[in-house]
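Colleague: Before I use this model, I would like to go through the terms attached to it and hear what each of them rests on.

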Amino acid sequence: MLLHFSKMHGLGNDFMMVDAVSQNVFLTKEQIKALANRNTGIGFDQLLMVEPPYDPELDFHYRIFNADGTEVEQCGNGARCFAKFVRARGLTNKHKIGVSTQSGKITLYIEADGQVTVNMGIPQLEPARIPFKAQKQELTYILRAEEHTLLCGVVSMGNPHAVIIVDEVTTAAVIVQGPIFELHERFPERANIGFMQVLSPSHIKLRVWERGAGETLACGTGACAAVVIGQLQNKLQQQVQVDLPGGSLHIRWNGPGHPVKMTGPAEHVYDGQIAL
Ligand SMILES: N[C@@H](CCC[C@H](N)C(=O)O)C(=O)O
């Protein structure tokens, strides 16, 4: 079978986009891992499989798979690429698109300048909803593993995140501590681990070790999670520029009970086909 796909990226967080509205596709976990391989496959951080809507009030549903083949609930940079992809494929001509993922419904808006704004929904802080093992909800938690001790905030943006404030992000121990805390026993579904440097109340630098993908050039849900945690800790204001290794996102959050809004670019790289 020949599988048609597009390669896209959001600030260097790269995706294999598959139209499963007009193609009949089923991929096993092993096939996804093989396609994700950067030496022997197409290479990507996540695969997005776009499907017809499950809910008649929405335009589409899409599934998200990490490079390790695991299916996950949410992907911020992927959401922006999805919006551009369905228009480029002629699957819709709308500028406001309603879609569901495993974590629920989100709305996307294609702006006049081509950037995409995503209403990412209301962040969840209750430990059971992240999921995170804790007796009660706190602003910060101490996590220990091996010789490492971290003070972090935890939040779900549809997917689980821990956010650690560091003095200098370029030298932060992302590669060492990321994989250790991704698998920490208090995250039963594993977690994405963000390292945030606060430059000012409206400007941060962020690196994210992504669950199932390793460190990426950008993580949209990670940027939202960092702004939520930074605001709750009184370090950030409502509108924040988040500088990631691959570029910048603009995040807005009006506080608890409100949705997080993310604006940023989404780029098409090439269209391809591969024999399965
Ligand atoms: N890169 C994404 C997040 C993708 C999923 C994540 N690795 C997880 O396992 O939750 C983003 O831009 O949000």
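Colleague: What does the secondary structure of the protein chain come to, in helices and strands?

Modeller: This is a predicted model, and in it the secondary structure of the protein chain comes to four helices and 18 strands.

Colleague: Which domains does the domain assignment give, and how many residues of domain 1 are in contact with domain 2?

Modeller: The assignment gives domain 1 (2–119 + 265–275) and domain 2 (127–258), with 23 Å separating their centres, taken over C-alpha atoms. With a contact requiring C-beta atoms within 7 Å, 20 residues of domain 1 are in contact with 19 residues of domain 2. On the side of domain 1 that touches domain 2, the largest share, three residues, comes from H2, and the residues of that side divide into five nonpolar, twelve polar and three charged.

Colleague: Why is the shell around the ligand said to lie between the domains?

Modeller: Domain 1 and domain 2 both give residues to that shell, so it lies between them. The ligand is surrounded by 19 residues, the closest being Asn77, Asn159, Arg211, Gly220 and Thr221. Helix H2 (76–88) and helix H4 (220–232) each supply at least two residues of the shell, and H2 gives the most, with three residues. By class, the shell has four nonpolar, twelve polar and three charged residues.

Colleague: How do you know that S9 and S10 pair, and in which sense?

Modeller: Pairing requires at least two bridges between the strands, and strand S9 (residues 141–145) and strand S10 (residues 148–156) have five bridges, so the two strands pair, in the antiparallel sense. One of the bridges links Ala145 to His148, its partner in S10.

Colleague: What do S9 and S10 form, and what is the phi of Glu146?

Modeller: S9 and S10 form a hairpin with two residues between them, and Glu146, in the turn, has a positive phi of about 50 degrees.

Definitions and conventions: Residues are numbered from 1 along each chain as its sequence is written. This is a predicted model: local features need pLDDT of at least 70, side-chain atom pairs count only at pLDDT 80 or more; totals for chains, interfaces and linings use all residues. A residue is near a molecule or strand if its C-beta atom, placed from the backbone, lies within 6 Å of it. Ala, Val, Leu, Ile, Met, Phe, Trp, Tyr, Cys and Pro count as nonpolar, Asp, Glu, Lys and Arg as charged, and the others, Gly among them, as polar. Domain bounds come from an automatic or database domain assignment. Two residues are in contact if their C-beta atoms, placed from the backbone, lie within 7 Å.
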